[in-house]
Structure formats: C-alpha cells, structure tokens
Amino acid sequence: MKLWESLASRPQRHAPSLRHEFVIGPLCDSELFPRKARLYYCVRCKWHFLVCEKTVVVLDGYGHPMAGPDSSTRFATFAEGPCPPLAELESHYSNEAYIVNSKPGGTPMNEALWLPATFLLGLVGLGLCFAFLVACEKI
C-alpha cells in the first residue's frame, strides 16, 4: 500500500523541454567538411544544421551555410534550445496547472484510496466475465 501512497501523494512536475526536436540524417558527404557529416533537422522550427564531429554549421532552408547575426542566433540554440516556436508558446501561456473541484469547497480525490479500489473493481469485473463464460459453456 505504501507504493500507491508514494506515487499518488506527490504529483510529479517536469519542466517542459524547450529544446529542438531533431530528425538526424545518415552520414553523408559534404563540401564543407573533409569527413562525412550528418544533417540535423528540427521538426518544430524547420531549422537545419550540418554536424561533423564537434563542428556545427547553420544552414538556411536551401541547405546553404548561413552567416551573420541570424546564424549566430540559431547556433546559440542548437544544443540546449530554446526552439523558437516553443519559446513563443511559453511566453503566451503559463506553465502552471490547477486542480479544479467539481463542488465549491470540496476536497480533491484521494488517489491512494481510489487507485487500489479501481484495480480491485477491475478484478471483480474480470471474475464476473469469466464466470459468465463458464456458465455459457455449460448450456
């Protein structure tokens, strides 16, 4: 019972990740590097990066190397983010969650009680289904 209490009593909060979500291509030849490199493509912001070992080159939408302040801005987000669409969403919406009770002044449901009760109810339901099948076979 302590397992249920420990899992249900403390809600776990995880900070949302603002990092890029990359699709990483296979090793390929590149004019920019003497060795093979991989193309990293973020599915959220559609930015491209070419990575060869520890060297990263920021690419534009056509696969050409970028230069200037835009390149520096994108490069700064490569490893840890933030990915621009996620950073924009975070600035518009708060990351807080609230418990809403159905009755004003009510108390939230006690998961330490309800989780085992729901499990037992499921077992009873399975037992009734099994008994029904056995009874049907006898007819």
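**Reading the side chains**

Modeller: Start with a contact list: leaving out residues up to four places away in sequence, Phe78 touches His20, Phe22, Tyr40, Phe49, Val51 and Val56. Keep in mind that this is a predicted model.

Colleague: Where is Phe78 found, and is Phe78 buried or exposed?

Modeller: Phe78 is found in the loop between α2 and α3 (84–92). Its relative accessible area is 16%, so Phe78 is buried, the limit being under 20%. As for distance, Phe78 and Val58 are 20 residues apart in sequence, and their C-alpha atoms are 9.0 Å apart in space.

Colleague: How should I read the aromatic rings, and how many aromatic pairs are there?

Modeller: Two rings pair if their centres lie within 6.5 Å, and planes over 60 degrees apart count as edge-to-face. The count here comes to five aromatic pairs. One of them joins Phe22 and Tyr40: the ring centres are 5.4 Å apart and the planes stand at 80 degrees, so this pair is edge-to-face. Because Phe22 lies in strand β1 and Tyr40 in strand β2, the pair ties together parts that are 18 residues apart in sequence.

Colleague: What is the relative accessibility of Phe22, and what is the relative accessible area of Tyr40?

Modeller: Phe22 has 25% relative accessibility and counts as partly exposed, while Tyr40, with a relative accessible area of 17%, is buried. Phe22 also pairs with Phe49: the centres are 5.8 Å apart and the planes are at 90 degrees, so that pair is edge-to-face as well. Here Phe22 in strand β1 meets Phe49 in strand β3, so parts 27 residues apart in sequence are tied together. Phe49 is buried, with a relative accessible area of 0%. Ring pairs link Phe22, Tyr40, Phe49 and Phe78 into a cluster.

Colleague: Now the nonpolar cores. Which residues make up the largest nonpolar core?

Modeller: The general idea is that in soluble globular proteins, nonpolar side chains tend to be buried together. In this model the largest nonpolar core has 12 residues: Tyr40, Cys42, Cys45, Trp47, Phe49, Val51, Val56, Val58, Met66, Phe78, Cys83 and Leu86. At least two residues of this core come from each of β2, β3 and β4. There is also a second, separate core of six residues, with Phe33, Leu50, Cys52 and Leu59 among them.

Colleague: Which residues does Trp47 touch?

Modeller: Not counting residues up to four places away in sequence, Trp47 touches His20, Tyr40, Tyr41, Cys42, Arg74, Thr77 and Pro84.

Colleague: Arg74 is a charged residue in that list. Where is the place of Arg74, and what is the nearest side chain of opposite charge?

Modeller: Arg74 sits in helix α2 (residues 69–77). Arg74 is buried yet has no salt bridge, and Asp70, the nearest side chain of opposite charge, is 5.7 Å away. For a salt bridge, the nitrogen and the carboxyl oxygen must be within 4 Å. With residues up to four places away in sequence left out, Arg74 touches Trp47, Phe49, Val58, Leu59 and Met66.

Colleague: How many salt bridges does the count come to?

Modeller: The count comes to three salt bridges. In one of these, the side chains of Glu21 and Arg44 meet with an N to O distance of 2.8 Å. Glu21 lies in the loop between α1 (2–9) and β1 (22–24), and Arg44 in the loop between β2 (38–42) and β3 (48–52), so the pair ties together parts that are 23 residues apart in sequence. Glu21 counts as partly exposed at 39% relative accessibility, and Arg44 counts as partly exposed at 33%.

Colleague: Which residue forms a salt bridge with Asp29, and which with Glu53?

Modeller: Lys36 forms a salt bridge with Asp29, and their closest N and O atoms are 3.9 Å apart. Lys36, at 45% relative accessibility, counts as partly exposed, whereas Asp29, at 66%, counts as exposed. Arg35 forms a salt bridge with Glu53, where the closest N and O atoms are 2.1 Å apart. That pair links distant parts of the chain, 18 residues apart: Arg35 is in the loop between β1 and β2, and Glu53 is in the loop between β3 and β4 (55–59). Arg35 and Glu53 are both exposed.

Technical notes: Residues are numbered from 1 along each chain as its sequence is written. This is a predicted model: local features need pLDDT of at least 70, side-chain atom pairs count only at pLDDT 80 or more; totals for chains, interfaces and linings use all residues. Side-chain values use heavy atoms; hydrogens and water are left out. Helices (H or I, at least four residues) and strands (E, at least two) are DSSP runs, numbered from the N terminus. Buried means under 20% relative accessible area, exposed over 50%, partly exposed in between (1.4 Å probe, protein chains only). Rings of Phe, Tyr and Trp (its six-membered ring) pair if their centres lie within 6.5 Å; planes under 30 degrees apart count as stacked, over 60 as edge-to-face and the rest as tilted. A nonpolar core is a set of buried Ala, Val, Leu, Ile, Met, Phe, Trp, Tyr and Cys residues joined through side-chain atoms within 4.5 Å. Contact means heavy atoms within 4.5 Å. Lys and Arg count as positive and Asp and Glu as negative; His and the chain ends are not counted.
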